[in-house]
Amino acid sequence: MEFLVASGVGAMTAAGVYLLLRGRTFPVIIGLALLSYAINVFLFATGRLVINRPPVIAADAAGYTDPLPQALVLTAIVISFGMTALIVVLALRAYLEAGSDAVDTEEATVEPAASHDTRPGLPRDGDAA
Amino acid sequence: MNHWIAVPIVLPAMMAPLIVLAMRHDLLMQRVFSAAASFALLAVAVALTLRAAGAPPELYQLGNWQAPFGIVLVLDRLSALMLLLTSLLAVAVTLYAIGSGWDKRGRHFHALFQFQLMGINGAFLTGDVFNLFVFFEVLLIASYGLMLHGGGAARLKAGVQYVVINLAGSTLFLIAVGTIYAVTGTLNMADLAVKVPLVPAGDQALLRVGALLLLVVFAVKAALVPIHFWLPGTYANAPAPVAALFAIMTKVGAYSIIRVFTLVFGGEDAWLAADWLLPAALVTLVVGNLGILGATALTRLICFSVIGSMGTLLTAVALFTPAATVAALFYLIHSTFAGAALFLVNGLIVERRGSAGDRLVTAPRLAANGGLLAALFFLAAIGMAGMPPLTGFLGKLMVLDSARDSASMITIWTVILITSLISIVGFARAGSLIFWKSAGVPGPAGTAATEARHAAPHSGLPIAAAGAMLAAMVALTVFAGPVTGYLEATADGLYDRGAYIRAVLGADAGIVR
């Protein structure tokens, strides 16, 4: 069971990191989702993998499974779900406004090359809206 | 239990939904309540700081659950200091946002602002590593909204990048937390401090992995090289008041490094962070200051100066001695004020430069308040660059002095002194281009002036807010003595961990050096 869980976490993390390094928002979001799945399983396993044990200490039980990682996973799931929803909307907005779904912001942050140029250019968005 | 400890979290947490739900359509009410909440927060922070100054760390058990099992808030001198700093900044930023009309350019500025304060205050007060993660998420999700405030394609694209970087950072945070929990079986910081030295030799490697992953996570927040790339794009595209508020966000990373690596991994394990932190901080210092010299726009120049100041700050942190920590905390206060002042002044300058925006080119002179803004920029710049008489100079002096006994003293001195010179040159170039050389340039001043007055109807309040940050720097210079006294007590509390652990776990907690 340990081997199965460990390789599952490993495979999902590897795929997640690979997708995260792509240059477009869609694979990046999928990558983040995969990463958060991997983390959830990993967090779950930090309480050690046990089966058929109660999560709270009972007098007649031989042992118990750690309930705290389950609480942590629950929190992590809620947060990562909210964040994924946010970034999906954000990526969509950025795509619709900028007309491109590249994660790279080269053209957005690069300054005009000729610094002595005094032509009135377009004011950058962050500054003179 | 002293319930006032929870107020810095509860007050903004109640105010934000109130603003969203009850005064969505009434900007005036939003402004009144937001400003009132910021001032109330300041009052609470002052009271808590006065209380923490003369007392051992104080515990607040949420829901009255006993310490290692429930979530605790801990008020000690360091967290009180950070709360005070946050609330001072919050007051200035609120007034600036109201005065400059930034809060009108999108919706829910004030609600997001209060949520952001809740997250920051929570991160400073919590005594639990997982709770720290949760408050990081609260402050991050509010910061996403604030950063995107006002919209626009460039800001949205920079925003996507910022969100992705921080989501990846949060993932790493969870891996680190999971690893540490798997090894020690606790996430309460004081309990961790007791249990970390008792970890069996076979698990030491795992524990180190967890600790260093935590360092990476905090370094992302603190914009340490090589994970600083998100900062210039984010801050340069954020609205001016938001960028000024973000001056405290990098300090949340620095605070977390100080807290976790003195309390939890302190003692003989402190090398864990120091070996990596010091070289990275020195490189950050160089990269930041080269960025100041190379920037072609004023906003990006300020962003790089913030990176450079984080380099100085973390260099002092990485020494892990009480004297160096005093210097680091002093520099932390200074660089928060200096960074915020620069971003606020920059916002005012850009509004008055018409089409030239923040580009470092000669352009027709500022539409209004040129002389005053030049003076403010000059003061903020010499503060940031570390020239006398302002706090930057004192802070750098303290950092240099505390590095005297270090093995890498020569490297630290060389890097700090040379980069200071570079940043002075960079700021001087930017200032003379914008204010001096531009003074003689004829231009359609009339139209630009009316345009700018349209954009900034009340210029008094924003200028006062920026001035208040500079006044804070001057006050810090004047009262450097008492402040340093407070910081020395803070540093002693950080390195003598017993008081903190006893406060959280009770008097009979495990003995730690």
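A nonpolar core is a set of buried Ala, Val, Leu, Ile, Met, Phe, Trp, Tyr and Cys residues joined through C-beta atoms within 7 Å. In this predicted model, the largest such core has 229 residues. Helix α14 of chain B gives the largest share, 20 residues.

**The core**
- The residues with the most contacts inside the core are B:Ala341, B:Leu344, B:Val345, B:Ala380, B:Ala466 and B:Met469.
- Beyond its neighbours within four places in sequence, B:Ala466 touches B:Tyr96, B:Ala341, B:Leu344, B:Val345, B:Leu348 and B:Leu376.

**A helix pair in chain B**
- Two packed helices are described by the angle between their axes and the distance between the axes.
- Helix α3 (residues 77-100) of chain B and helix α14 (residues 322-351) of chain B have axes that come within 11 Å and cross at roughly 5°.
- Angles under 35 degrees count as roughly parallel, so α3(B) and α14(B) are roughly parallel to each other.
- On α3(B), the contact is made by B:Leu85, B:Leu89, B:Ala92, B:Tyr96 and B:Ser100.
- On α14(B), it is made by B:Ile333, B:Thr336, B:Ala340, B:Leu344 and B:Gly347.
- These contact residues divide into seven nonpolar, three polar and no charged.

**Backbone exceptions**
- Most residues other than glycine have a negative phi, and most peptide bonds are trans.
- A cis peptide bond joins B:Val225 and B:Pro226, with omega about 5°; B:Pro226 sits in the loop between α8 and α9 of chain B.
- The bond from B:Pro388 to B:Pro389 is also cis, with omega near 10°.
- A:Arg48 has a positive phi, near 70°, and is exposed.
- B:His108 has a positive phi, near 65°, and counts as partly exposed.

Conventions
Residues are numbered from 1 along each chain as its sequence is written. Chains are lettered from A and ligands numbered from 1 in the order in which they are written. This is a predicted model: local features need pLDDT of at least 70, side-chain atom pairs count only at pLDDT 80 or more; totals for chains, interfaces and linings use all residues. Axes are lines fitted to C-alpha atoms, for helices over the stretch in contact, and angles run from 0 to 180 degrees between N-to-C directions. Helices (H or I, at least four residues) and strands (E, at least two) are DSSP runs, numbered from the N terminus. Angles under 35 degrees count as roughly parallel, over 145 as roughly antiparallel, 65 to 115 as roughly perpendicular and the rest as oblique. Two residues are in contact if their C-beta atoms, placed from the backbone, lie within 7 Å. Ala, Val, Leu, Ile, Met, Phe, Trp, Tyr, Cys and Pro count as nonpolar, Asp, Glu, Lys and Arg as charged, and the others, Gly among them, as polar. A residue is buried if 20 or more other C-beta atoms lie within 10 Å of its own, exposed if 12 or fewer, and partly exposed in between; C-beta atoms are placed from the backbone.
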